[in-house]
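The entries follow the order in which I looked things up.

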Amino acid sequence: MFNKLTYLRCEPVAVGFIRPENNGRHKCRPYNFEIPYKNIVSLFSILVFLIFAPLLSATDVVSSGQLIKNSAEYDGKSVTYRGEVIGEVMERGKYGWINVTDGEDTIGIWCKKEDLNKIKFAGSYRIKGDKVEITGVFNRSCSRHQGGLDLHAEKLEVIEPGKEITLPLDFKKVKLIVIFAFSALGLIFLSSLRKSSLKKPQEPTPPSSV
Amino acid sequence: MILRPKIEELKVIGYYVGKLIIGLGISMFIPLLVAVYFKEWNPALDFLLASLISFTAGHFLLSLIPRSKEMNWTQGMVVASLCWLLAMFLGAIPLYLSGHFANFLDACFDAMSGFATTGLTLIRDLDHLSYSHNIWRHLMMFIGGQGIVVIALTFFVRGVGSAFSIYVGEAREEKILPNVIQTARFIWLVSFVWLVLGTLLLTGAGIFEGMKPSRAFLHGLMLFMAGWDTGGFAPQSQNILYYHSSLFETITLIIFIIGSLNFGLHYALWTGNRKEIYRNVETATFFITILVTFALVVVGLVKTSFYSGNLALFRRSFYQLLSGHSGTGYMTIYKEQFVQGWGPLALFGLIIAMGIGGCSSSTSGGIKILRVGILFRGFLKQVRELMLPESGVIVQKFHHFKERILEDSQVKSAALILLAYVFLYLFGAVAGMFFGYPFELSLFESVSAGANVGLSCGITSESMPVLLKVVYIFQMWCGRLEFMAVFVLFGFIGALIRGK
């Protein structure tokens, strides 16, 4: 009995929308149909996959906060870390350093030169740095770098290229500047006026004729 | 009976405060020029607006009383303490306008931290801050470290009597040269020479370690300003760890150690008196306190086995210890690592070092090594006197630029200041515990704020309670001015309200 339901169907109409026709009146008539369970199940499965797929792949990615707070747990293990390259690429021979932030904190990444060459943008005031994904060995107290907390990259990929950011001028500040410029000038004039009036020697008062 | 200050007294205070505020407004032209050079137009507007606000406020005060008069001690102290508060508010304006702070209080926190050369910070996304705002953060440290008043004395104040009273108000007691304005100018000269040398060295190190020359220069300049003035701000969020370089660590370490020495010692070395460096009670005590606290840190770290290898242990712990002892606050480890890996003994050693601080008449905060040296000698004198017959007299001497006889009044004064600092540190620790932080960490952060160090174990953050932010601001202000000027300001306000 639940297979057959009665609906009011509007014609012609796109799925999910009611299109007003004939001055807002709809042509509607009763319509009987069977619910396609197989299609719904497969649609539902696709939806579940689409929703959870990124999360499933993200389970391997650790944040800087997790790495720093649970450094003993991750020490010496291979981890995947994502974030924006900031500052600059600092080459040191065949290797070099980049610093990558995920918004929580920043981790120093020790990379091969060929990986460093993939980086085109490092984040700064006007630049959004390349977003990279690094897989490598995490060190709580790196023996190679005398106790530093770092990540030695084995694989580095740019997953989102960086770009230059244009910042529009804030005209509210310009208005305030004009107001304060006038008030400062007025006060400078006032204080200099008072100063000069104090410096001016007082003229002797003429003797009264009375 | 408490006498209410007269209107004339308020006008004198207003006049000098006005002059100093105008000076601060002029100093904002430096980041303004940087902003124009790098075509950072919004930051340029921030600095123009902030300097205009400073000029308006300063000239308003000057328009009330256009003629200077000599100040007395109380007025000098009130001017010094008021100037630091006003500098915090005005210095925070461009910071807040940058959009990198959650609210104006956070910007004030960073401004006070900058001027008081502390180094604790609440800034958001520092890695995307403009060059000009970053220069301003470090310039605040340079201005504060040199002394807002010292700079003003050099350029604005003419009367020697007035100058000395506000000079002392800013916790500087020694006259290196007979005239206090000459002393201020000497401090300025020494700092400028070191500024050129230190910036060149750090720029060279930056280029050597793979930075672009222009960025290496800017980072060099900023690191010098914050290092020399034992401040602790750095251009990037990872602080010194950003550079992953032992060369950077060595140069910054040398800079902040030299910065934490007495300017009188600089003068002695400047004039060829090299013996002073090991004869002076302050440098000798500094050496001993470094050895003792470093031993505590090493033993603590060996117990926790946090660092793999002796070299790693030495590199990380020695830098952190000296950074804390000198009152700098440069970090080569993550703040969470203090909690995870340092253990209570190593943390205790670091807290003691931070609490003591650097030399007197330097840019360091804290109790100051000279006072510790005097107290230790006073203690020795007391023990010797107990061992002598009643009629016996002990004359205890110490060398501080000249041979001096230790007097009870000196010991008493050192003990009082030490006690005041201990109360200040405990006050912050109790405030931290009130908000639920453990005692160890609360004490660490409190000592760091009160002694103007800047090392953090993680309490200082944007999300910490508002009241705790205010407590730390108060500690930074009080610690930098060494209490006296702050107490005089409170007394002055009390007299204004309750006086007759």
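Which residues have the most contacts inside the largest nonpolar core? I found Ile109(A), Val17(B) and Met112(B), in a core of 178 residues. I took a nonpolar core as a set of buried Ala, Val, Leu, Ile, Met, Phe, Trp, Tyr and Cys residues joined through C-beta atoms within 7 Å. Buried means that 20 or more other C-beta atoms lie within 10 Å of the residue's own, with C-beta atoms placed from the backbone; 12 or fewer counts as exposed, and in between as partly exposed. Helix H4 (residues 73-97) of chain B gives the largest share of this core, 16 residues.

I noted the ground rules next. This is a predicted model, in which local features need pLDDT of at least 70 and side-chain atom pairs count only at pLDDT 80 or more, while totals for chains, interfaces and linings use all residues. Residues are numbered from 1 along each chain as its sequence is written, and chains are lettered from A and ligands numbered from 1 in the order in which they are written.

Entry on chain A. I listed 5 helices and 10 strands; these are DSSP runs numbered from the N terminus, helices being H or I of at least four residues and strands E of at least two. Of its 210 residues, 26% count as buried. Leaving aside neighbours within four places in sequence, Ile109(A) is in contact with Trp97(A), Ile98(A), Val100(A), Ile134(A), Leu151(A) and Ala153(A). Contact here means C-beta atoms, placed from the backbone, within 7 Å.

Entry on the two chains. I found 43 residues of chain A in contact with 45 residues of chain B. H5(A) supplies the largest share of chain A's side, 15 residues.

Entry on a helix pair. Helix H2 (residues 29-37) and helix H3 (residues 41-64) of chain B pack at an angle of about 160°, with their axes 8 Å apart. H2(B) and H3(B) are therefore roughly antiparallel, the term for angles over 145 degrees. Where they meet, H2(B) brings Phe29(B), Pro31(B), Leu32(B), Ala35(B) and Val36(B), and H3(B) brings Pro43(B), Ala44(B), Phe47(B), Leu48(B) and Ser51(B).

In helix H12 (residues 263-270), I found Phe263(B), Gly264(B), Leu265(B) and His266(B) buried. The buried residues of H12(B) pack against helix H9 (180-208), helix H13 (276-279) and helix H14 (281-304) of chain B. Just after H12(B), Gly272(B) takes a positive phi of about 90°.

Methods
Two residues are in contact if their C-beta atoms, placed from the backbone, lie within 7 Å. Axes are lines fitted to C-alpha atoms, for helices over the stretch in contact, and angles run from 0 to 180 degrees between N-to-C directions. Angles under 35 degrees count as roughly parallel, over 145 as roughly antiparallel, 65 to 115 as roughly perpendicular and the rest as oblique.
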